[in-house]
Amino acid sequence: MTGQSPRPSRAVVVGGGLAGVTSALRLADAGLDVTLLEGRPRLGGLAFSFRRGDLSVDNGQHVYLRCCTAYRWFLDRIEGTHLAPLQDRLDVPVLDVGRPAGPRLGRLRRTGLPVPLHLAGGLAAYPHLSLAEKAGVARAALALGRLDPADPALDGIDFATWLRRHGQSQRTIEALWDLVGVATLNATAPHASMALAAKVFKTGLLSEPGAADIGWAAVPLGDLHDTLARKALESAGVEIRLRARAGSLTRAEGGRWAVETDGERFEADTVVLAVPQGETHRLLPDGALDDPDRLLDLTDAPILNVHVVYDRPVLRRPFFAALGSPVQWVFDRTASSGLQGGGQYLAVSQSAAQDEIDLPVAELRKRYVPELERLLPAAREAGIRDFFVTRERTATFAPAPGVGRLRPGTHTRATGLHLAGAWTATGWPATMEGAVRSGFSAADAALRALGRPHEHPLQEAA
């Protein structure tokens with residue numbers, strides 16, 4: 001019948017983490033009818049909040065850097081930028097309690113000078129390395145700046161091997177490279193792909209002066225990744241179905257796709273699978289990937305978070321990192337949690353926690369309460385109102401050497417089916433930034449396949 005407008009293209013996005021929400025927003029902004037399916041009762045994936053009595057608790061401490069341009073776009077898109085502010089300039093307090101002469105506080109700072117001079121003054125003043133070690137760091141940083149993180153050869157070696165080849169002592173690795181690398185890669189240097197390490201350090205430290213400035217949510221993560229994300233999706237016209245776990249993905253009539261949940265069937269012209277690699281493997285139709293079992297070789301790495309609520313303030317800074325202690329990073333979550341009554345709530349973030357992830361709470365308390373007292377003298381006199389643990393056994397994919405060949409791109413061999421998730425081939429480790437970038441890539445690929453390319457809001461994140 002003449003005069004009828006064409007049927008709008010329909011999309012189904014499976015998964016309501018950052019990758020899925022990003023894909024859904026991009027597809028809806030391009031004019032598609034979008035349905036988002038999420039098996040949980042909330043959005044946000046593995047970056048979420050929950051209630052514990054009167055507290056609002058993040059499952060884990062998440063930070064981002066100024067160089068995380070895709071995640072910053074995400075914050076802008078959901079109108080949450082003001083709720084996750086960035087430092088004016090990189091400033092990381094580092095407390096070494098392993099020194100025979102007693103604890104010493106140092107700082108990793110930058111200036112406003114051009115790269116690489118922006119870090120020279122901070123490195124010179126960093127007290128946890130010798131003069132020779134600092135000179136070695138400078139030489140290694142220059143060598144790192146010449147690398148191409150996309151070089152497949154780099155993915156075949158581990159970060160520690162490269163650091164040793166470039167004269168880095170074990171102390172330098174512990175006091176500098178692993179201090180940053182464990183938190184961003186979720187692996188120590190011997191267990192991290194050099195390609196991913198090069199991506200982190202070259203982008204974060206050597207791309208522009210402010211690239212490594214740190215940002216984190218001043219509110220519960222759920223306020224951003226669930227509440228504001230849901231509002232943005234609804235405003236864009238996305239139909240959100242929570243508690244709707246995809247059970248199957250099959251071809252329907254006319255070459256469309258059919259996604260079935262418990263009792264419902266959703267047909268679409270294009271589908272984005274934005275779920276973990278194991279679930280993606282379960283849902284993939286035959287022939288969609290050349291070697292789908294590679295997804296099962298993408299193993300997981302855990303992150304442990306220890307939460308301690310004191311009856312009084314014990315830490316004057318918003319966060320710090322520790323050396324000479326099992327403790328890695330400590331954050332003050334008092335304001336964001338809504339804690340009342342003059343106490344203080346600290347979250348201890350422990351990446352690469354394979355050896356501790358299954359320990360009983362009592363054993364973790366016995367281990368970490370004395371360590372916090374060693375790091376924070378004021379904690380020795382404080383009472384503990386609450387102590388609890390959150391465990392993310394599948395927090396990230398393990399960034400081991402060779403992982404690059406296991407990570408698929410967004411495209412599949414099945415027309416109209418695309419993959420998203422921080423575990424896909426974004427070039428980044430498993431971070432919020434990587435998740436959002438994967439959502440960009442999947443949505444853009446879907447739109448191109450439909451003949452509806454849409455202007456990318458952030459070209460460098462494609």
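1. The second largest cavity has a volume of about 40 Å³. Two or more residues of its lining come from each of strand 5 (63–65), strand 8 (214–216) and helix 9 (221–235). The model is a predicted one, and the points below should be read with that in mind.

2. Which residues line the second largest cavity? They are His62, Val63, Tyr64, Tyr71, Ala84, Gly215, Trp216, Ala217, Leu221, Leu224 and Met432. By class, nine of the lining residues are nonpolar and two are polar, with no charged residues.

3. The search of the whole structure gives two cavities of 30 Å³ or more. The largest cavity holds about 60 Å³ of space. Strand 4 (55–58), helix 11 (334–337) and strand 17 each give two or more residues to the lining of the largest cavity. Strand 4 contributes the most, with three residues.

4. The lining of the largest cavity consists of Ser56, Val57, Asp58, Gly60, Gln61, Pro220, His307, Arg333, Ser336, Ser337, Tyr345 and Ala347. Four of these residues are nonpolar, six are polar and two are charged. In the second largest cavity, by contrast, the lining has no charged residues.

5. The second largest pocket contains about 520 Å³ of space. It is lined by 21 residues, and those closest to its centre are Val182, Thr188, Ser325, Pro326 and Gln328. The lining divides by class into nine nonpolar, seven polar and five charged residues.

6. Which elements supply at least two residues each to the lining of the second largest pocket? These are helix 7 (170–185), strand 15 (319–323) and strand 17 (344–351). Helix 7 gives the most, with five residues. Strand 17 also gives two or more residues to the lining of the largest cavity.

7. In helix 8 (residues 194–206), the buried residues are Met194, Ala195, Leu196, Ala197, Ala198, Val200, Phe201, Thr203 and Gly204. They pack against helix 4 (131–145), helix 5 (152–155), helix 6 (159–165), helix 7 and strand 18 (384–397).

8. What caps the N-terminal end of helix 8? The cap is Ser193, with a side-chain oxygen that lies 3.2 Å from the backbone nitrogen of Ala195. Ala195 is itself one of the buried residues of the helix.

9. Asp269 is found in the loop between strand 12 (265–268) and strand 13 (270–273). Is this residue buried or exposed? Asp269 has a relative accessible area of 18%, which is under the 20% cut-off, so it counts as buried. Its side chain reaches the backbone nitrogen of Arg10 at 2.7 Å. The side chain of Asp269 also makes a polar contact of 3.3 Å with the side chain of Arg256.

10. As to annotation, the unreviewed UniProt entry places the feature "domain: Amine oxidase" at residues 18–446. Over residues 18–446, the chain is 32% helix and 23% strand.

Conventions: Residues numbered from 1 in each chain as written. Predicted model: local features only at pLDDT ≥ 70, side-chain atom pairs only at ≥ 80, totals over all residues. Heavy atoms only, no water. 1 Å grid on protein atoms, 1.4 Å probe; cavity = no way out; pocket = protein on both sides within 12 Å on 5 of 7 lines; lining within 4 Å. Points joined across faces, edges and corners; volume = space filled by probe spheres on them. Helix = DSSP H or I, 4+ residues; strand = E, 2+ residues; numbered from the N terminus. Nonpolar A, V, L, I, M, F, W, Y, C, P; charged D, E, K, R; others polar. UniProt positions renumbered as here; feature names shortened; annotations may be inferred. Buried < 20%, exposed > 50% of the residue type's maximum accessible area, 1.4 Å probe, protein only. Contact = heavy atoms within 4.5 Å. Polar contact = N/O pair within 3.5 Å; in protein donor to acceptor, adjacent residues only side chain to side chain.
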